[in-house]
Amino acid sequence: MARAFLFVLDSFGIGGAADAERYGDAGANTFGHIAIACAEGRADREGLRKGPLAVPNMFSLGLARAAETATGLKLGNGELSQATAFHGAAEEVSSGKDTPSGHWEIAALPIRFDWGYFPDTVPAFPAELTEAIIREGKVPGILGNCHAPGTEIIERFGEEHIRTGKPICYTSVDSVLQIAAHETHFGLERLYEFCKVVRRLVDPLNIGRVIARPFIGETAGSFERTHNRRDYAVPPPEPTLLDRLTARGSRVIAIGKIGDIFAHRGISEVRKAAGNMAMFDKALGAMDDAGDGDLVFANFVDFDTEFGHRRDVAGYAAALEAFDRRLPEALAKLKQGDLLILTADHGNDPTWHGTDHTRERIPVIGIGPGLKGGDIGLRTTFADIGETVAEHLGLARGRHGTSFHATIGAHA
């Protein structure tokens, strides 16, 4: 039996991107800076966590060695990998430092074109787009129309939104238009339908995603985003690993927002839940259900949305530790012929300036019963991950990326 499990720790970069300066991110290092902050006591929070970063299971798979490959920075206490584990880092060749680019490249499709972006001005959206959104979305107007963190803009405009019925529309340095609206006062289904309209309107501008950001609460102090987020992404321009698998008749079980990221193309089944730990439960269930030739592709989004963007070092560290404590449950489900890879899609250094993603290399660590494991080095594209999974599951070689299948002794 050959099965594959691909777990993306959303935003868990490990620094060192060669082109980071181009993005204003030279020196950013999500993992490195969290580990250093923990070691120095700067990530202690009463009732949450204390002391050095405790992720022994990821260290045993080679996380510290992957980080050293990415930047030369030595972290941890020299922990050795499990004998059958492999470790390395990967460089992104796609333009941008966003979710679709990172995930598509992981799925063996680098993005060679440039996404469209909205300027950091007020207003951020072209007047003709705003007029079309109001007209075709059948709303009395919009609020925001600027670059902003999601929680902050809801605090700022939430009460006016409830009073006027105007959705809150905002953006960031990513190729995105986000729409926040109250689940009951505006309506969740109405928000989804409104986002579909906006998705069509921003297509000519090459905007990567329109994101529905529902929230609840009645006053600025009580507003809270819910887990009913939905991403409306541009479909990939070429077949990805997921398309190749489903065309062959294999199942791709998507955990979390994976289905949305790929515009539900190449997806057999979507399983969602609220929060990383509930998502981990879904991933474990999918591992039980996966058959020969199947892929379970999971995204753990809280690292990014709850801690990276909010620049919450202690929260990010605690989330990593919680994930690490659950990792043995996944390892225990691996059978002969299985392949598990842990990786990321970009960085989001919680010690960095601003609130946006950071351009970084990503860890590529994993294990499988019967593998010889070892050092896979620095991969020149995230697509090497997808091509390794493809070879492991018996697919013909794709157009992008180079498999490291032979290096780790994976099963044919």
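Contact here means that heavy atoms lie within 4.5 Å. The structure is a predicted model, in which local features need pLDDT of at least 70 and side-chain atom pairs count only at pLDDT 80 or more, while totals for chains, interfaces and linings use all residues. Residues are numbered from 1 along each chain as its sequence is written, and side-chain values use heavy atoms, with hydrogens and water left out.

**Annotated site**

- An unreviewed UniProt entry lists D10, D345 and H346 under "binding site", an annotation that may be inferred rather than shown by experiment.
- These residues span 337 residues in sequence, yet no two of their C-alpha atoms are more than 7.2 Å apart, so they gather at one spot.

- D10 is in the loop between β1 (3-9) and α1 (30-39), and is buried (under 20% relative accessible area, 1.4 Å probe, protein chains only), with a value of 0%.
- Neighbours within four places in sequence aside, D10 is in contact with residues including K257, N299, D304, Y316, D345 and H346.
- H346 lies in the loop between β12 (338-343) and β13 (362-367) and is likewise buried, at 1% relative accessibility.

**Nonpolar cores**

- A nonpolar core is a set of buried Ala, Val, Leu, Ile, Met, Phe, Trp, Tyr and Cys residues joined through side-chain atoms within 4.5 Å; the largest has 91 residues, of which F7, F31, M58, L295, L320, F323 and L342 touch the most other members.
- Helix α12 (residues 313-331) supplies the largest share of this core, nine residues.
- A second, separate core of 26 residues includes L129, C195, V202 and I207.

Technical notes:
Helix = DSSP H or I, 4+ residues; strand = E, 2+ residues; numbered from the N terminus. Buried < 20%, exposed > 50% of the residue type's maximum accessible area, 1.4 Å probe, protein only.
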